[in-house]
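Hi there,

Here is the structure I promised to pass on to you. My notes on what turned up in it follow below.

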Amino acid sequence: GALLVSERIDREELCGTLSPCSLSFEIVVENPLELYSGTVEIQDINDNDPVFPSSQARLEISESVAAGARFPLESAQDPDVGINSLQTYQLSANPHFALDVQTRVDGSKYAELVLEKELDREEQRELHLVLTALDGGSPPRSAHVQIHIDVVDANDNAPVFNQSTYKASVRENTPSGTLVARISAYDLDEGPNGDIVYSFSSHTPVKVRELFALDSATGELRIKGQLDYEETKLYEIYLQAKDKGAVPGVAHCKVLVEVVDVNDNAPEVTVTSVYSPVPEDAAPGTVVALLSVTDLDSHDNGLILVQVSDVNDNTPKSSQDSYDVYVLENNVPGIPILNVSATDPDLGRNAHLSYTILQADPVVGHLFSINRENGTLYLLTSLDHEDQVEFRMMVQVQDGGSPPLATNVSVSVFVTDLNDNAPTVLYPHPNTTATYTDVVAPGSPAGHMVTKVVAVDADAGYNAWISYTLLQATDPSLFSVGLHSGEIFTARQLREDDAPQHTLVILLKDHGEPVLSASATVSISVAEMVKEVLTDLTDVAPANDPRRHVTFYLILAVILVSAAFFITMLSVGIFKCYKWRQSKELFNSSRSTLYRTPGPFHHIDAVRGGFTPPNFYHQVYLTTDSRQSDLLCKKPFTSSPLGSRQSTIRNGEPGLYHQIVGTASRLPTPAE
């Protein structure tokens with residue numbers, strides 16, 4: 001069980017600057033089976049000297065530079081780590097400069113010269129210094145570099161960077177030539193003293209110079225080599241800007257470049273079989289092989305993921321069981337009105353959803369369409385609220401599994417009303433050549449209803465609410481109209497000097513937006529007798545009737561039928577008179593002195609086709625001796641739905657037909 005070293009170990013070759021440096025292994029013990037993991041840490045020894053990039057360094061410093069100015073120096077490199085790495089720098093004794101040792105983010109050290117006493121070219125034209133780098137080993141190892149400083153005449157203005165620190169992030173697989181950052185400095189001098197040249201600072205490590213390139217004219221820092229996150233996660237790059245004056249001015253800045261890890265390392269699987277072949281009677285749980293998986297990437301890129309294959313065991317779920325959609329009528333065809341949303345927690349094909357309309361009603365299939373991929377419901381045609389107010393359909397959401405699973409979603413589409421229908425006048429009918437004249441008796445009191453304008457609106461709600469106003473009138477002070485009923489009343493009592501004919505124009509408006517309107521023309525005659533009304537109506541008959549020949553024949557037929565009817569009724573009257581005389585003789589011989597009471601009141605219907613409504617009723621009073629009776633017509637006791645009419649019809653008026661229903665008995669004379 002002893003673990004032995006098989007060859008010489010070089011920590012710097014195995015791990016470079018990584019610390020700690022470790023090697024992992026596994027040990028399997030059989031009978032019983034046990035697995036042990038082990039790690040060997042390779043400890044560093046101080047077997048490397050610090051090394052400067054060159055044995056000499058040369059600086060040009062103007063005599064006008066003020067005390068406190070700093071000048072970076074080239075850094076030494078030591079491949080050892082920990083305490084054995086480079087720890088400090090030392091500067092040879094001199095009256096002008098001191099040494100300031102700084103520490104980078106990664107823990108490495110670099111040195112800067114700090115001017116403590118101003119230089120004088122006339123007193124000393126050059127200085128020679130020795131910089132020593134020391135590690136922390138025991139005993140320490142060291143390296144030396146000769147620094148030659150030339151004291152030159154002054155340059156008035158030094159370059160200035162617009163910021164002292166730049167930050168950038170790049171992926172470790174970024175190709176060569178990719179821009180990382182662009183540094184910028186300015187110099188207020190003119191000519192060569194104002195021209196700036198960008199370069200790496202003298203203490204920039206060689207490794208950084210191999211990975212990055214700097215354009216001396218533009219200050220663009222680009223990728224030069226292949227970055228590796230597993231090797232270095234952050235680079236601290238020191239740059240400088242120097243003008244071209246005789247005594248160049250120098251400015252310094254640093255760029256922090258963060259390397260972002262990518263999944264560029266495949267997992268390494270180690271399989272160790274310890275029980276092969278496997279007996280057919282091996283008990284469940286018997287170990288067959290040991291697996292070891294490693295990945296050099298970091299965070300999520302370094303996990304091993306075990307995928308579980310999906311089974312279509314989830315039904316699609318909609319965010320809502322039902323949808324109510326409201327669409328304005330007269331819509332533009334082809335507009336989307338709804339997006340049916342559903343999810344499926346399965347993976348891949350099992351989670352791919354398709355949407356279809358279950359067409360129970362064939363009308364729905366002609367009006368609506370749904371996108372199978374995203375569930376957007378489209379309206380294919382323009383809807384009309386007056387045709388149909390509501391549409392119902394069922395949308396099926398189905399996944400792509402085998403067998404597929406589906407769910408149904410109820411969708412109700414309600415067509416909301418627009419004010420797209422103007423009021424329609426039913427009475428008086430506007431599209432007829434016949435003239436409807438309503439009658440009002442002279443002297444009618446104020447508030448007497450003459451007629452009514454009847455109209456409908458095909459819209460709904462406020463869009464169908466009709467208001468009536470009097471737009472024009474022969475005498476505006478005589479009539480008024482109900483705002484919401486359309487009933488026309490007398491505004492005052494009729495006088496004898498009022499015109500016999502009146503024409504009213506009624507404006508009908510709905511309450512929609514925008515307001516739609518229509519008009520109705522009502523003719524009203526002020527007449528005491530129906531004959532006057534009929535004469536007036538004859539005067540307004542159309543002069544040129546294209547159907548006048550048909551009308552002539554119809555009138556002729558009516559005259560012939562009326563003549564035959566008159567002859568028939570005359571014959572019946574003569575027969576009744578004969579019978580009446582016989583009954584009179586019978587009554588004369590009777591001993592009874594009793595008077596017969598008058599029979600019940602009888603009604604007369606005065607009907608003239610097309611002009612006077614059939615419910616224009618009158619009460620007729622008859623005595624028992626009909627030979628001495630006058631036909632007296634009282635004012636109507638019922639009102640027509642189109643308005644009330646009042647007139648008195650005298651006995652024997654031509655043009656009217658009277659039908660008397662009932663019988664009458666004569667009262668005995670006093671002599672009898």
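**Backbone, cysteines and a pocket**

N330 sits in the loop between β22 (322–328) and β23 (335–339); strands here are DSSP runs of E with at least two residues, helices are runs of H or I with at least four residues, and both are numbered from the N terminus. Before going further: this is a predicted model, where local features need pLDDT of at least 70, side-chain atom pairs count only at pLDDT 80 or more, and totals for chains, interfaces and linings use all residues. Residues are numbered from 1 along each chain as its sequence is written, and side-chain values use heavy atoms, with hydrogens and water left out.

Back to N330: its phi is near 60 degrees, a positive value in a residue other than glycine. Most residues other than glycine have a negative phi, and most peptide bonds are trans. N330 is partly exposed, at 41% relative accessible area (buried is under 20%, exposed over 50%, partly exposed in between, with a 1.4 Å probe and protein chains only).

Two cis peptide bonds may also interest you. One joins S402 and P403, with omega about -5 degrees, and P403 lies in the loop between β28 (390–399) and β29 (406–416). Another joins E513 and P514, with omega about 5 degrees; here P514 belongs to the loop between β37 (501–509) and β38 (517–526).

How many disulfides are there? Taking a disulfide as a pair of cysteine sulfur atoms within 2.5 Å, the count is one. The bond runs from C15 to C21, with an S to S distance of 1.8 Å, and is right-handed, with 65 degrees about the S-S bond. C15 is buried at 17% relative accessibility, and C21 is buried at 2%.

Next, the second largest pocket, with a volume of about 1200 Å³. Of the 33 residues lining this pocket, T17, Q77, D78, D106 and S108 are the closest to its centre. (On a 1 Å grid over the protein atoms alone, a pocket is an open set of points where a 1.4 Å probe fits, with protein on both sides within 12 Å along at least five of seven lines; lining residues have an atom within 4 Å of a point. The volume is the space filled by probe spheres set on the points, which are joined across faces, edges and corners.) β5 (86–91), α2 (206–211) and β17 (234–243) each give two or more residues to the lining.

Happy to talk it through!
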